[in-house]
Amino acid sequence: MYGRRASQLLKEIDSSEAGQLVPFNSDVFDQVIRECNEHNSQFQSLIRKMVEQNLDIETTRNEDHYGAAIHHLSLLRNKRCLMAYMYNRAEVIQSFRWKIGPVLPHDIQEKLHFSEKEYFKNHSAAIKSYISEMDIDLTVDMVPPKDPYIQVRVLEDIGEVSLGDHSVSLTKNSLHFLRRTDAEQFISQGLMEEFLE
């Protein structure tokens, strides 16, 4: 039945947790693209047949007209489903830039199609360019913190990191007193946590 594969992509999105990504379904996506190509070739063939028979495409109502209409509507439906699938994934990927930062964890990268990885990279570059051009950091909280410094515990070895005017060695389970803006990117990536006594 026409459109079943495309609706399967939308069911995947609907069944996934909000704000989370399931791995990109390349197999079904490619099957829908092939189905679209088949609909297009069938549609073109039926229209060409009507033109060769000198029938008016606008007014003729025969089996070729209705067949062409079915293929055209199926093509449009598949296209809308593919666009909805990609749009939903793009929104989640954009939100990752604000929640996680410019570097995605490996487990999220594995779920992305190569074009989505490129999209994330370009989106991050656009935000970075805007931030530097406007000279304002949009990635920090809009509500000012009570204290600009926080105590953090490192969850995984990060290594030697340059923070502003000094560098610090961030080893697993070590405690540090850092500027909130310096620590936030590591906290969002799950590499450290705020340490509350």
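1. The side chain of Ser7 has a polar atom 2.8 Å from the backbone oxygen of Arg4. A polar contact here is a pair of N or O atoms within 3.5 Å; within protein, one must be able to donate a hydrogen and the other to accept it, and residues adjacent in sequence count only if both atoms are side-chain atoms. Ser7 belongs to helix α1 (residues 4-15); helices (H or I, at least four residues) and strands (E, at least two) are DSSP runs, numbered from the N terminus. Ser7 counts as buried because its relative accessibility is 16%, where buried means under 20% relative accessible area, exposed over 50%, and partly exposed in between (1.4 Å probe, protein chains only). Residues up to four places away in sequence being left out, Ser7 touches Arg77 and Cys81; contact means heavy atoms within 4.5 Å.

2. The model is predicted: local features need pLDDT of at least 70, side-chain atom pairs count only at pLDDT 80 or more, and totals for chains, interfaces and linings use all residues. Residues are numbered from 1 along each chain as its sequence is written, and side-chain values use heavy atoms, with hydrogens and water left out.

3. Ser7 is one of the buried residues of α1, together with Ala6, Leu9, Glu12 and Ile13. The cover over these buried residues includes α2 and α3. The 12 residues of α1 should span 16 Å at 1.5 Å a residue, and the end C-alpha atoms are 16 Å apart, which agrees. The expected span of a helix is 1.5 Å times one less than its number of residues.

4. Helix α3 (residues 63-99) was examined in the same manner. Its 37 residues should span 54 Å at 1.5 Å a residue, and the end C-alpha atoms are 54 Å apart, in agreement. At the start of α3, a side-chain oxygen of Asn62 comes to within 3.1 Å of the backbone nitrogen of Asp64. Just after α3, Gly101 adopts a positive phi of about 115°.

5. Ile70 and Phe43 are separated by 27 residues in sequence, with a C-alpha to C-alpha distance of 8.5 Å.

6. Glu116, in helix α5 (residues 114-134), has 3% relative accessibility and therefore counts as buried. The side chains of Glu116 and Arg89 form a polar contact of 2.6 Å. Neighbours within four places in sequence aside, Glu116 is in contact with Phe24, Met86, Arg89, Ile93 and Lys111.

7. UniProt (unreviewed entry) places the feature "domain: GINS subunit" at residues 49-134. UniProt positions are given in the numbering used here, feature names are shortened, and annotations may be inferred rather than shown by experiment. Residues 49-134 are 77% helix and 0% strand, and the end C-alpha atoms of this span lie 59 Å apart.

8. Over residues 146-196 the chain is 18% helix and 47% strand, with end C-alpha atoms 14 Å apart.

9. An open sheet of 3 strands has antiparallel pairing and the order β4-β1-β5. Its edge strands, β4 (175-179) and β5 (192-194), each pair on one side only. From one strand to the next, the twist averages 40°; axes are lines fitted to C-alpha atoms, for helices over the stretch in contact, and angles run from 0 to 180 degrees between N-to-C directions. Strand β1 (residues 149-154) pairs with β4 in the antiparallel sense over 5 bridges, and Tyr149 stands opposite Arg179 in β4. Two strands pair if DSSP finds at least two bridges between them.

10. Strands β2 (residues 159-163) and β3 (residues 166-170) run antiparallel and are joined by 5 bridges. Leu163 has His166 in β3 as its bridge partner. The hairpin of β2 and β3 has 2 residues between the strands, and Gly164 takes a positive phi near 65° there.

11. Which residues other than glycine have a positive phi? Asn54 has phi near 55°, and Asn173 has phi of about 70°. Most residues other than glycine have a negative phi. Asn54 lies in the loop between α2 (26-52) and α3 and counts as exposed because its relative accessibility is 71%. Asn173 lies in the loop between β3 and β4.
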